[in-house]
Amino acid sequence: MTRITIYNEFVHEQTDEAVREVYPQGIHEAIASFLRGDDVQVRCFTLDTVEGITDEVLDSTDVMIWWGHLRHHLVPDEVAQRVKDAVNKGMGIIFLHSGHHSKPFRLLMGTSCNLTWREDGDMERIWNVCPSHPIAQGIGRYFELPHVETYGEPFGIPQPDEVVFIGWYEGGEVFRSGCTFHRENGRIFYFQPGHETFPIFYDPNVQTIIRNAVAWAKPVYRIPVLEAPHVVRPGQE
Ligand code: ZN
């Protein structure tokens, strides 16, 4: 059983007709619908219910998926801290697209996470630069998304543990579009595609990558509390 918790801000889909047309049930439902299965449970939270992301919810989450954009500042600091602590204990997490500026991502990275961006509907060619990586399985040498929001370097993240995908855009920019990080016991994947006005979460390659990332980030070990154990000599435990 894999237990997934999705947070989606869910503001654009209610305030912007162009976004509602693409994601009538919200981005969270678009993602949940290709992840749900006999062996996969999915719970969703939105900005309206963000306080519901409690320690109990996080303790019973294998992998969290985070999509946010213009209302990052309205996510309470306590929730962001809980998410960070849960990752350190072993929960996996996937940050999508503009989640690069979310409070939990910035807390986990410890850097600005700034980037350059342009909204011209460029085509993105996503190169698979780590074909042996579990997240890249089923993905060819590259695939293309006909319209995306362009994100450009420099991307203000710490050096990733692995760069799995590099995006190239018609305008000439490149971006580290798929990066992994480890924080204490937890695994983190950042994935750049996912702008709200384009049907990116219906793309089969994007769905494969998110499914693979869930499997990769699912914890193999969790510690119950984030406390420093006292020092005991080996053999005297
Ligand atoms: Zn965007």
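## Buried residues and the core

A residue counts as buried when its relative accessible area is under 20%. Phe191 has a relative accessibility of 0%, so Phe191 is buried. Keep that cut-off in mind, because it returns throughout this report on a predicted model.

The largest nonpolar core of the structure has 70 residues. Ile53, Ile65, Phe105 and Phe165 have the most contacts inside it. Helix H7, residues 204-217, gives the largest share of this core, 7 residues.

## The zinc site

Which protein residues are donors of the zinc ion? They are His97, Glu149 and His195. His97 uses its NE2 atom, Glu149 an OE atom and His195 its ND1 atom. These donors lie 2.0 to 2.1 Å from the zinc ion. Along the sequence, the spacing of the donor residues reads H-x51-E-x45-H.

His97 sits in the loop between strand E4 (92-96) and helix H6 (103-109). Glu149 belongs to strand E6, residues 142-152. The pair therefore ties together parts that are 52 residues apart in sequence. His97 has a relative accessible area of 1%, so His97 is buried. Glu149 has 6%, so Glu149 is buried as well. His97 also has a positive phi, near 45 degrees, though His97 is a residue other than glycine.

Ser102 is buried, with a relative accessible area of 1%. A polar atom of the Ser102 side chain lies 2.8 Å from the backbone oxygen of Gly99.

## Helix H7

H7 has 14 residues. How far apart should its ends be? At 1.5 Å a residue, H7 should span 20 Å.

At the start of H7, a side-chain oxygen of Asp203 comes to within 2.9 Å of the backbone nitrogen of Asn205. The buried residues of H7 are Val206, Gln207, Ile209, Ile210, Asn212, Ala213, Val214, Trp216 and Ala217. In an α-helix there are 3.6 residues a turn, so residues three or four places apart point the same way.

## Aromatic rings

The structure holds 12 aromatic pairs. One of them joins Phe105 and Phe181. Their ring centres are 6.4 Å apart and their planes meet at 75 degrees. Planes over 60 degrees apart count as edge-to-face, so this pair is edge-to-face. Phe105 lies in helix H6 and Phe181 in strand E8 (residues 174-183), so the pair ties together parts 76 residues apart in sequence. Phe105 and Phe181 are both buried.

Phe189 and Phe191 form a stacked pair. Their centres are 5.8 Å apart, with 20 degrees between the planes. Phe189 is buried, with a relative accessible area of 1%.

One aromatic cluster is made up of Phe95, Phe105, Tyr151, Phe155, Phe175, Phe181 and Tyr190. A ring can also face a charge. The charged end of Arg125 sits over the ring of Tyr142, 5.4 Å from the ring centre.

## Backbone details

Where is the peptide bond from Glu153 to Pro154 cis or trans? This bond is cis, with omega near 5 degrees. Pro154 lies in the loop between E6 and strand E7 (162-169).

Phe10 has a positive phi of about 60 degrees, although Phe10 is not a glycine. Phe10 is found in the loop between strand E1 (2-8) and helix H1 (12-15).

Notes:
Residues numbered from 1 in each chain as written. Predicted model: local features only at pLDDT ≥ 70, side-chain atom pairs only at ≥ 80, totals over all residues. Heavy atoms only, no water. Core = buried A, V, L, I, M, F, W, Y, C linked by side-chain atoms within 4.5 Å. Buried < 20%, exposed > 50% of the residue type's maximum accessible area, 1.4 Å probe, protein only. Helix = DSSP H or I, 4+ residues; strand = E, 2+ residues; numbered from the N terminus. Donors = N, O, S within 2.8 Å, 3.2 Å for Na, K, Ca; no water. Expected span 1.5 Å × (residues − 1). Polar contact = N/O pair within 3.5 Å; in protein donor to acceptor, adjacent residues only side chain to side chain. Phe/Tyr/Trp six-rings, centres within 6.5 Å; stacked < 30°, edge-to-face > 60°. Lys NZ or Arg CZ within 6 Å of the ring centre and 35° of its normal.
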